[in-house]
Amino acid sequence: MRAIVIEKPGGHGVLVWTEVPDPVPGPGEVVVDVAAAAVNRGDLGQRQGFYPPPPGEPPYPGLECSGVVTAVGPGVADWHVGLPVCALLGGGGYAEKVAVRTGQLLPVPRGVPLVQAAALPEAACTVWFNAVDIAGLRRGRTLLVHGGGSGIGTFAIQLDKALGATVVATARQAKHERLYALGADLVVDHSAADFVAATLEHTGGRGADVVLDIVGADYLARNIAALAPDGHIATIGLQGGLRAELDFLAPAAKSGSISATGLRTRAHDEKARIVRGVTAEVWPLVETGAIRPVVDRTFPMAEAAEAHRVMETGDHVGKLVLVP
């Protein structure tokens, strides 16, 4: 088979589409013929040498994919050859085939084309786990999501609106119309306006019950200022730096809490639990049309370097998808 190999850490040019050995399913695994794989920020970090795959995972980038099961390993009973699936991966999605533990497989939601299904697993699992499972977002509460135009952001807007929450998003002005169309109640241009003041005004001074943050250090103090009493900040990205000084009186005054999580390095049992939660609670919303995959554009997998370049510009809305 062919896969995208990272020759050495560096820029776009280190991604090479080349022949590699075919995967063989181990106990509790299946092999999926990849129909599509979505691009995530973690892939860029891996290419640059900052985000290696966990031990035992394929060395190729790619944290989610869709495709068809073509082989099953020992002990697999519930997944069979010919079944269309999508998958949350520890790596290996940028390839023609990938071996996947069955606990990280999801059925393709009814009504979703196979290629578009590749845009769902990582965002669905990240948003559900952080905003719903950890932070307890539900009807009547307010979510503040940064990077509203990203794959995570576009999914969070739809999921949390479907749950009956109010959604405030930050994004560039050019993306506002599309985010309102997805269900956002307020979109703030973070480069031109104060998202703290805007969130407080929109909520009558209460603030956001949940902040879903891809920025990290640069936004820590402002996220706390925008937080509602008993609110929670879920940090899922560090695009704005790794370190910040924290005045503990600020979150303590609101009885607030902060978490920082990642899916890729979690234990397999925990990933399987998250996948089960998404399948049970989120997939029905996808199948009714309340949530849809947002795909900005697709690229041939051999042009993964161009997809990385586009992601780094931040001009896209939703997911970038690679097709072998």
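This is a predicted model: local features need pLDDT of at least 70, side-chain atom pairs count only at pLDDT 80 or more; totals for chains, interfaces and linings use all residues.
Figure 1. Arg266 pairs with Glu270 in a salt bridge whose closest N and O atoms are 3.8 Å apart. Through shared partners, salt bridges join Asp133, Arg266, Glu270 and Arg273 into one network. The structure holds 14 salt bridges.

**Figure 2. The salt bridge between Arg273 and Asp133.** The two side chains meet at 2.6 Å, N to O. Arg273 belongs to helix α9 (residues 268-281) and Asp133 to helix α3, so this pair, 140 residues apart, links distant parts of the chain. Arg273 is partly exposed at a relative accessible area of 29%, and Asp133 is partly exposed at 31%.

**Figure 3. The salt bridge between Asp315 and Arg172.** Here the N to O distance is 2.7 Å. Both residues lie in loops: Asp315 in the one between α11 (304-313) and β15 (319-323), Arg172 in the one between β9 (166-170) and α5 (176-182). The pair links distant parts of the chain, its members being 143 residues apart. Arg172 is partly exposed, with a relative accessibility of 37%.

**Figure 4. Glu122, a buried acidic residue without a salt bridge.** Glu122 is placed in helix α3 (residues 121-134). Glu122 is buried, and the nearest side chain of opposite charge, that of Lys319, is 6.7 Å away. With neighbours within four places in sequence left aside, Glu122 is in contact with Asn40, Leu63, Glu64, Leu88, Ile152, Leu263 and Lys319.

**Figure 5. The aromatic pair of Phe195 and Tyr219.** A search of the whole structure finds one aromatic pair. The ring centres of Phe195 and Tyr219 are 5.0 Å apart and the planes stand at 50°, so the pair is classed as tilted. Phe195 lies in helix α6 (residues 195-202), whereas Tyr219 lies in the loop between β11 (208-213) and α7 (220-225); the pair therefore ties together parts that are 24 residues apart in sequence. Phe195 is buried, with 2% relative accessible area. Tyr219 also counts as buried, at 11% relative accessibility.

**Figure 6. Arg264 over the ring of Tyr51.** The charged end of Arg264 sits over the Tyr51 ring, 5.0 Å from the ring centre.

**Figure 7. The backbone at Asp230.** Asp230 is found in strand β12 (residues 227-235). Although Asp230 is not a glycine, its phi is positive, at about 65°. Asp230 counts as exposed, with a relative accessibility of 59%.

**Figure 8. The chain that holds these sites.** The secondary structure comes to 11 helices and 15 strands. The radius of gyration is 19 Å, close to the 20 Å given by the globule rule for 324 residues, so the chain is as compact as a globular protein of that length. The C-alpha trace spans about 55 × 40 × 35 Å along its principal axes. Of the 324 residues, 53% count as buried. Among contacts with a separation of 6 or more, 68% are accounted for by residues 24 or more positions apart.

Definitions and conventions. Residues are numbered from 1 along each chain as its sequence is written. Side-chain values use heavy atoms; hydrogens and water are left out. Rings of Phe, Tyr and Trp (its six-membered ring) pair if their centres lie within 6.5 Å; planes under 30 degrees apart count as stacked, over 60 as edge-to-face and the rest as tilted. Helices (H or I, at least four residues) and strands (E, at least two) are DSSP runs, numbered from the N terminus. Buried means under 20% relative accessible area, exposed over 50%, partly exposed in between (1.4 Å probe, protein chains only). A charge sits over a ring if NZ of Lys or CZ of Arg is within 6 Å of the ring centre and within 35 degrees of the ring normal. Lys and Arg count as positive and Asp and Glu as negative; His and the chain ends are not counted. A salt bridge is a side-chain nitrogen of Lys or Arg within 4 Å of a carboxyl oxygen of Asp or Glu. Contact means heavy atoms within 4.5 Å. The radius of gyration is taken over C-alpha atoms; the globule rule is 2.2 Å times the number of residues to the power 0.38.
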